[in-house]
Every structure is written in C-alpha cells, then in structure tokens.
Amino acid sequence: MRAVWTASRAAVARRRLQTFVLAAVVLVCSATAVVTLGLMAAVSGPFDRVYNAANGAHVMAEFDSSKATAARIARTARASGVEASAGPYPVAVLRRPTDQGGPFGLPGVFTVVGRDRPDTAVDTMKVFSGRWATHPGEIVLDMPQGFGGARLIDQETHVLAPGGVDLKVVGYATSVSDSAGGWVTPAQARDLGAASTQMMYRFRDAGSQAALTADMAVVTAGLPSGSLTGTGSYLTLKEHLATGPNTYVPFLTGFGLLGLIAAVLIVGSVVSGAVVAGYRHIGVLKALGFTPDQVTAVYLVMVTVPAVIGCAVGAAVGSVLGTHLVRGAFWGISGNALVAGKASVPAWVYPVVLIGMPVLVVLSALLPAVKARRLPAARAISAGGVQQTGRAPAVQRRLGGSRLPRPVSLGLGWPFARPGRTALTLSTIVLGVTTATLAIGLAASVLTFDRTQEQQDSVQVTVAVGNPAAPSHPAGPVHTDEQLLAGLRALPGAAHVSADAPLQTRMAGSADAVRMDVRTGDTTALHPDLVRGRWVSGPGEVVADSTFWHQQGLSLGRRVVLRDAAGRQVVETVVGEQTDGWDLTSTDWNRFVGLNSTRRATEFSVGLAKGADAHAYAAAARRLDPGLRPSLNTGVGPIEQAVISVISTLALLLVGVSALGVFNAVVLSTRERRKDIGVLKAVGMTPRQVVAMVVTATAALGVAGGAVGVPAGMLAHRIVLPLIGHGTGRDLPASMLHVWDAPLLVLPALSGVALAVLGALLPSVRASRASAAEVLRTE
Amino acid sequence: MPSRVPSRVPADGEVVVRLTDVRKDFGDCTALDGVSLEIRAGEAVAVMGPSGSGKSTLLNLVSGLDRPSAGSVVVGGEDLGALGEKGLALFRRHRVGMVFQFFHLLDDLPALDNVALVGQLDGLGARAARQRATELLEGLGIADRGDVHPASLSGGERQRVAVARALMNRPALLLADEPTGALDTRSGEAVVELLTDLHALGQTLVLVTHDARLAERCASRVVEVVDGRIAGARAVRRDR
C-alpha cells in the first residue's frame with residue numbers, strides 16, 4: 001500500500017497541471033451540480049416548507065355574522081379533524097379612494113380583519129415594519145410580496161375609511177395565508193361595520209381538495225344553513241404562488257440536465273484521458289514489479305484525491321452560489337419575501353454531489369485503468385503515444401497535399417489520430433455552444449417580454465404622478481388629469497400621450513379582486529404585443545392578461561360582468577390577450593375611474609416623435625408640473641434581471657466547464673505530441689506556427705461543435721420557452737419565440753470556435769515555449 | 001546519393017561556425033565550459049568524446065536548439081544569442097539541417113511528407129515541396145518508400161528519410177548527432193557513405209559521435225571534448 005501511495009504521489013507531482021485541471025473540472029462540475037440540483041429541488045417544493053413553517057391555514061372560512069354568532073363559530077375549532085385554528089375575527093370591507101393608493105396598495109376594495117395579535121396558532125404572521133395594531137384608529141397593512149425588511153411606515157400613513165374614519169398605519173405585515181389586506185383591532189373592525197367573521201383551520205387530513213371539503217363539512221355541520229359564505233383553500237393559493245417559481249422549472253430542468261450531462265462527460269473525459277495518458281507510466285510501474293491491482297490502485301488514488309478535494313470545494317462554492325441564486329430566483333420571480341428568505345439548497349443535494357461526483361470519477365477512471373492493467377508492460381509503454389490507426393494517416397496525407405499553410409493542415413489532422421478523445425472534446429464543445437445559444441435565446445426572449453410589457457417600442461417616456469398620501473413621495477400635481485394630458489401633449493417632441501389609472505374591481509363569478517388598468521388619451525397609438533385578438537378600440541371592450549385569461553377560461557368575444565366606479569354592473573367584451581400583467585385593461589376611463597374626479601391618473605405614457613430628444617422631453621415634463629416624475633422607458637425590470645442573472649450564471653458555469661474540458665483535452669494532446677512538437681520546432685517551426693497548429697486542431701472541433709450546438713440550442717429554446725409559458729399559465733407572444741436574427745446568431749455561432757480557442761490557447765502557448773532540445777533529449 | 005548539392009554553400013574557407021568561450025549550465029551542472037571553436041565552410045568536423053562529455057550540448061548550441069549560458073555562438077554570420085525564438089526557428093529552418101540518432105520523424109506522416117514538411121513550413125507549395133522531397137528520396141535510394149509511414153520503415157531507411165529532411169531547405173550546415181548510433185552495422189555503413197558523399201560534394205558537416213571509425217571516414221577534422229572542454233583537435237588524413 002505504501003508503494004501505491006508513493007507512486008501515486010509521484011505521479012501527481014509529475015502531472016501538476018493535469019491534477020490541477022482535474023480538480024478544477026470536478027470543482028466547477030460539483031458547483032454546477034449543487035446549483036442546478038438545488039434550484040430544481042427548491043422550485044419544486046418551497047411552498048409546503050414555508051407554508052407549514054408559518055402554520056398557514058388549510059382553509060380560510062368566512063361566515064355571515066348575522067346567521068352564526070362568534071361563539072358558535074369559535075366552537076367549530078373543536079370539530080373532529082381540526083388540528084389547529086385561529087379566529088373568529090370580524091371582517092370589514094374598506095374602499096381605498098382612487099387618489100389614495102399607497103405605494104403598494106391599489107385603490108379600490110380591500111378586506112380588513114379585526115385581529116388582536118399576529119402570532120396565532122394558524123397563520124402566524126410576521127410584522128416586517130412598525131408594530132401590530134393594538135388600539136382603535138390603527139391599522140396594519142398587508143405588505144406586498146417581495147418587500148420584506150424595508151422600513152415602509154412613512155410610505156403610507158393613513159387610510160381613510162368610510163364615514164371619515166381615519167386609520168393610522170402603524171405597521172406592515174405579511175400573511176402566508178393571504179388572509180386580509182389589512183388588520184385592525186377586533187373592536188375597530190366591528191366599528192367599521194364588520195358583517196362577516198373569519199375563521200382559519202389546519203386539518204389533520206389536508207392532502208386534497210376533497211379531503212378539505214369533507215373536513216369543512218364536519219366543521220360546519222352544527223351551524224345554521226347559509227352561514228358559511230365563502231372558503232379559501234391553501235391548494236388554490238399554492239397553485240397561485242407556484243406560478244412564479246414554475247417559470248424556472250423548465251429552463252432550470254433544461255440547464256440542469258445540460259449541466260449534469262456536461263459534468264458526466266467532462267469528468268469522464270478528463271479522468272479517462274488522464275489514465276490513457278498515463279499508459280506509459282503504467283507500463284513502467286508494471287516493469288518495476290507493480291501488480292495489476294497495485295497499478296489500478298495507483299491510478300485510482302491519483303485521480304480520486306484531487307477529485308475529492310475539488311468536489312468538496314465545489315460543493316461549498318455551489319452552496320453559496322446556489323443559495324444566492326435560489327433566493328434571487330424567488331425574490332425576483334415569485335416576489336414572495338417569506339418564500340425567498342427561507343429558500344435554500346436542500347440538504348440532500350450535498351451528499352448526492354459529495355458521493356456521486358467521486359463515484360463518477362472512480363468509474364470514469366476504472367474503465368481505462370482496468371484495460372491498462374490487462375496490458376503487458378511493453379504494450380502499455382508503447383500505447384502511451386499517438387497511434388496511427390483508422391483514417392488518420394490517409395487524412396494527414398490528403399491534408400499534406402492541400403494548399404493550406406502546413407501548421408494549419410497538420411493541426412486539422414490531429415483530431416483523427418484520437419477519435420475517442422475527439423468525440424468527447426467535440427461533445428464538450430457542443431454542450432457549451434448549446435448552453436450559450438439557449439442562454440442567449442432565453443435572455444433575448446426575456447428582454448423581448450420586458451420590452452413588450454413596458455411597451456418600450458411605442459412609449460419612450462413614462463411620467464409618474466406624485467401621491468399626496470405618501471409623504472416620502474413628491475407632492476401631487478397641481479393640474480388635473482385633463483390639464484396634464486393636454487400639457488404633456490403640447491410639449492415639444494410628443495407624438496401621443498395616454499394616462500393610466502390602476503384600480504381594483506370585482507368580476508361576477510370570481511371571488512378574487514380583479515386588477516384593472518384603465519387608460520385614456522391617445523390609446524389607439526399604443527401597440528401592445530398581443531398574443532391573440534386586437535387592442536381595445538373603445539368603451540365596452542377589454543384586453544385580458546394571459547394568466548388571467550387562463551385562470552378565468554376566457555376567449556375572444558367573451559362577455560364579462562364588472563363593477564364600474566359607481567358599483568354598477570357593466571358588461572365588457574374581451575377582444576384580446578396580452579402579457580402586460582394587469583388582469584384586464586380598458587380605455588373606458590369615465591366608466592371605471594369616474595366622471596367626478598379631477599385627479600386619478602398615476603402615470604402618463606408618452607410616445608415621442610421620431611428623432612425627439614427623450615431627455616429634453618423629460619426635463620420639460622418636470623417643468624410642466626412639480627408633481628410629475630418623468631423617466632425614460634428603458635432598462636430591464638427586476639423579474640427579468642433575476643431570470644437573466646440565473647440564466648447567465650448557469651450558462652457561464654457550463655461554458656466554463658466546457659472550456660476546462662477543452663483545455664484538458666489540449667493539455668493531453670500536446671503532452672502526447674510533445675516529441676512531435678519538439679521535432680517540428682527543431683526543423684524550423686516558429687512558436688507562432690506551433691500555436692496556430694495546436695489552436696487549429698481544436699478550432700476545427702469548435703467549428704463542428706458550433707455547427708451542431710447552435711441548432712441544438714435553438715431547438716432547446718424552441719422547446720423550453722413554451723414550457724416556461726405553460727409553467728406560468730400564460731401564452732407567450734410570437735415575438736418571444738422569434739428572437740433569432742443574424743446579429744444575435746453571431747455570438748453563439750462564434751462561441752464554438754471561441755470556446756475551443758479559449759481552451760487551447762494556454763496549452764498551445766505552453767507547447768510553443770517548450771525547449772525542443774530538452775524534449776528531444778528526454779523523448 | 002543526393003542529386004543536388006546544397007545551394008547555400010558559403011565560400012570555401014569562410015568561417016561558418018564560431019564558438020567563443022561558450023559555457024552551458026544545466027542547473028548546478030556545467031555541460032560545456034569555455035569552449036571556443038571555429039568551423040570553416042566545406043569542413044567535416046567530428047566531435048568526439050565519452051558519454052556526458054558535452055558533445056550533444058555543443059551540437060544543440062550550434063543548431064540553435066539551445067542557448068549558451070555564457071559566450072557567443074555565431075553561425076553563418078548570425079549571432080544566435082541575439083535571436084529571439086522566432087529568429088532561432090527561422091535560423092534552424094534555413095541555415096542548418098539536423099539528423100538525430102533516433103531519427104525523430106513524425107509518425108503521422110509518410111516518409112515523403114516528413115521530408116516535404118520542412119519546405120512547406122517555409123511557404124513552399126505542397127506540389128513543389130513533394131517534388132523536391134521526391135528528388136531527395138530518389139537521391140538517397142528510397143524513392144519507392146515515400147508513401148510508407150516511419151513505423152513501417154527499417155532503421156536505415158528512417159535515417160535516410162531524416163537526412164533527406166535535413167537537406168530539404170539546402171542548409172549551409174548539416175549537423176548529425178550520433179547518426180549511426182541506433183542502426184545495425186549494414187544500415188550504419190550506408191549512412192556513413194551517404195554523409196561521406198555529401199561532404200565530398202561540398203556540404204559542411206558537423207557530426208557528433210563516439211564511433212572512431214565514422215569519424216575517420218567522414219570527417220576532415222576531429223575535435224575531442226572531455227568534461228565540457230575541448231581536449232584537443234586533429235586533422236584526419238585519408239587517401240581518396
């Protein structure tokens with residue numbers, strides 16, 4: 001055993017570069033494996049973990065207070081099957097005025113629950129900013145998902161309730177069960193005219209909707225008929241919350257699979273290459289008297305030690321990177337602070353990688369090592385060089401007669417000498433190019449999506465309106481909406497101006513509030529990228545967001561019944577599907593915003609004439625009214641940034657792994673051809689010609705890898721993108737799929753050659769600097 | 001025998017190689033110490049000495065494969081110490097031809113392309129290079145072995161291919177390091193004849209050997225190297 005250890009140490013010392021490359025490849029592959037497995041696992045089940053940790057309600061029930069007293073409702077907590085409960089809490093409905101939307105809350109209807117404490121047995125809430133409402137006249141608002149930790153108290157100080165009741169905002173909190181839009185003391189809720197009672201339950205059997213229905217039947221068995229007015233299931237919430245993370249699943253699965261295949265291929269290539277390159281050494285060991293088992297052991301130790309070190313470091317790097325990416329993913333996509341804060345790489349990933357990677361290394365080394373142990377010593381020694389087999393001699397002869405510069409033609413012949421290694425190197429490059437192409441395509445699609453959502457093609461300047469209810473914001477405008485529209489239109493460079501008023505309304509047949517964007521002004525000049533149908537042409541028509549479209553089962557021409565500004569029912573026709581994020585978009589300003597208000601718009605969208613100076617326009621808009629905050633409609637949104645960040649990181653990791661694989665292959669090749677290079681230098685090949693020869697050998701594979709990898713990446717993009725759409729429950733506009741144009745294809749097309757040259761450059765320069773005299777003396 | 005005499009032959013008597021107080025160290029070991037030597041055009045100099053005496057090191061310095069630790073090496077008027085890596089490569093390509101003990105042919109290429117390669121590296125077209133290589137192989141009597149890869153050639157044939165390669169660019173100086181050291185007697189004899197004929201045609205020749213018979217037959221002067229120093233030199237007298 002001592003001899004094995006000594007021989008292994010000597011072999012490692014002699015092959016420092018190769019050992020380093022092996023450790024580096026295993027490190028990057030392990031990190032990639034941790035990141036991809038972590039992301040794939042994290043997106044598949046964060047909801048349950050977070051929901052259970054916060055004792056989220058399995059069912060949130062609302063009872064008619066006139067039919068069941070609070071005491072009777074409280075007794076339902078003792079029904080069989082109930083594991084825990086919270087309530088009863090009085091529920092009131094407030095209407096936030098249209099000119100009083102806070103920084104996060106939309107004007108319109110929202111539910112306020114009278115609850116004396118946040119840390120209840122069910123729906124344990126977290127107060128992120130300020131404190132809980134403990135006195136009448138105080139309110140805690142639901143903190144929108146994605147804004148955890150910030151001090152927000154000064155963002156919105158008061159909520160005006162009907163009857164002139166002024167509620168002071170004392171805190172912001174998040175309910176994992178999404179139980180209300182705000183919380184006050186129970187007495188305050190009753191004073192606000194609470195007409196219903198909220199009760200939250202956790203059940204022993206909550207695995208399915210059927211089980212929950214059965215549980216609720218038991219709970220409500222003793223209550224008067226009709227007292228239960230509505231229920232909300234955590235399964236519905238789960239489906240809703242999972243929409244964001246689901247965005248990640250298809251492309252993470254795609255990237256994850258690519259990463260794992262790359263890791264297996266490259267580790268296999270590096271390790272088996274190391275063993276094959278050591279055949280001569282194996283022969284010498286045998287000649288010295290090492291038994292076949294000892295020879296195998298030497299090689300296993302030689303590759304396993306750096307691999308284990310690389311794997312351990314890689315897992316640690318992957319843990320840091322993976323946790324960061326997982327949190328970033330949930331923060332950016334789901335926007336859920338609770339989910340994002342607790343998201344991490346699952347623990348099972350580490351043993352899988354820490355055991356799996358060394359096992360992969362050992363298996364990769366075992367096959368060639370077992371083959372080598374069977375070889376007689378003399379044959380093992382002679383097998384260490386480049387063999388002239390197959391078509392290699394014929395190819396070299398043909399290339400020798402070509403008009404190509406001789407270093408180039410010599411390099412082009414190299415890949416044919418070791419077909420096995422060439423295949424592995426080629427597959428490594430193909431993976432790298434496929435990954436780069438897919439990443440570029442996805443990033444382009446995400447940017448297209450962002451540009452589509454923000455209508456950056458038709459709107460160049462957005463002008464936000466100050467909110468007088470939010471002291472940290474600038475004061476509100478001094479002009480009315482109508483005056484602002486006219487004023488902004490009159491500014492030099494303006495081609496069209498429209499005003500936005502986001503609000504909340506109700507749709508008949510749906511329990512959820514509908515988030516609506518109402519526009520006025522030059523709305524026909526807007527050209528949103530529709531999935532299907534057409535843009536609204538006037539009152540009575542709405543365009544639906546794709547997610548809302550699918551949730552509500554909408555279709556073109558479908559009529560929906562909405563509540564207008566006065567609370568009356570109005571019928572609207574769905575004429576299009578888009579991806580702008582608002583449930584519905586209408587241009588019927590008077591009907592939904594109201595005739596009486598002079599200031600409702602929260603934002604103006606300005607399209608500029610061709611050649612107009614956007615900066616000059618923004619400055620002019622600022623001068624028009626001190627309450628306006630103009631900004632250029634450029635840049636990338638936070639969600640898109642998060643997606644592109646994850647895509648870029650994974651792509652860089654995989655391309656890096658591929659480059660390392662190429663690097664290793666070239667190191668092995670130049671090592672095997674050390675004598676040839678020495679001879680060529682001796683007969684007058686210049687260092688630059690040596691570099692050209694070695695780089696050509698790999699660049700040829702880069703060209704081939706590009707030719708295969710680019711279409712493969714485009715195909716993967718074509719497959720993955722609709723899956724992303726499916727995961728998010730929305731259709732994607734065709735512009736997101738058709739992102740490929742000539743300039744965008746240049747980068748992936750060159751990436752194969754770039755990858756090959758990147759991997760080959762250092763070893764080729766190293767080879768060109770080797771002393772020919774020393775090589776010829778030792779070979 | 002080669003059909004053409006190398007074209008870049010300096011005038012007879014002109015100093016082709018001048019080593020001045022050359023020292024070469026390998027770490028703590030000094031391989032050559034204070035070596036000064038002149039070789040004139042048309043000479044055939046045999047460098048002799050025991051193993052490890054510094055013969056091959058001397059040849060590597062003259063061929064520009066290695067650089068001296070001290071002193072100067074001037075070959076064909078070119079101070080090799082002043083040349084960069086590219087300059088040395090071009091020097092080797094144009095001024096010298098090397099024949100090694102173990103042939104050092106490229107296993108990937110057939111004999112013809114091994115020879116043609118040197119011309120192609122210098123920008124000669126494939127057809128012209130192969131034409132010249134064929135002529136050289138014909139001159140050496142192995143034209144029929146041009147398509148054969150080195151692994152299938154005999155030792156003598158390989159060394160003839162190596163000699164043809166060395167002559168491809170018509171070098172002023174032919175350097176041979178133990179050219180018969182890896183050959184059987186018969187093949188060695190053929191190579192000796194070949195080198196003798198080349199010298200007779202005016203080729204300046206420096207060969208490293210510890211084969212006294214080879215030195216006597218090929219060389220016009222024998223230089224003895226012992227422990228990294230020139231221990232002596234003598235002219236070879238022969239009746240031809």
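Here is a short chat about a predicted model, covering chain B and the aromatic pairs.

Colleague: What should I know about the numbering and the cut-offs?
Modeller: Residues are numbered from 1 along each chain as its sequence is written, and chains are lettered from A in the order in which they are written. The model is predicted, so to speak of local features takes pLDDT of at least 70, side-chain atom pairs count only at pLDDT 80 or more, totals for chains use all residues, and side-chain values use heavy atoms, leaving out hydrogens and water.

Colleague: How much of chain B counts as buried?
Modeller: Buried means under 20% relative accessible area, with a 1.4 Å probe and protein chains only. Chain B has 240 residues, and the buried share is 55%.

Colleague: How many aromatic pairs does the structure hold?
Modeller: Rings of Phe, Tyr and Trp (its six-membered ring) pair if their centres lie within 6.5 Å. Over all chains, the count is 2.

Colleague: Why is the pair of A:Trp132 and A:Trp183 called tilted?
Modeller: Planes under 30 degrees apart count as stacked, over 60 as edge-to-face and the rest as tilted. The ring centres of A:Trp132 and A:Trp183 are 6.0 Å apart, and the pair is tilted because its planes stand at 40°.

Colleague: Which relative accessible area does A:Trp183 have?
Modeller: A:Trp132 is buried at 8%. A:Trp183 is buried as well, and its value is 0%.

Colleague: What is the angle between the planes of A:Tyr201 and A:Phe203?
Modeller: Both residues, A:Tyr201 and A:Phe203, are buried. Their rings form a stacked pair, 5.7 Å centre to centre, and the angle between the planes is 20°.

Note on methods:
Buried means under 20% relative accessible area, exposed over 50%, partly exposed in between (1.4 Å probe, protein chains only).
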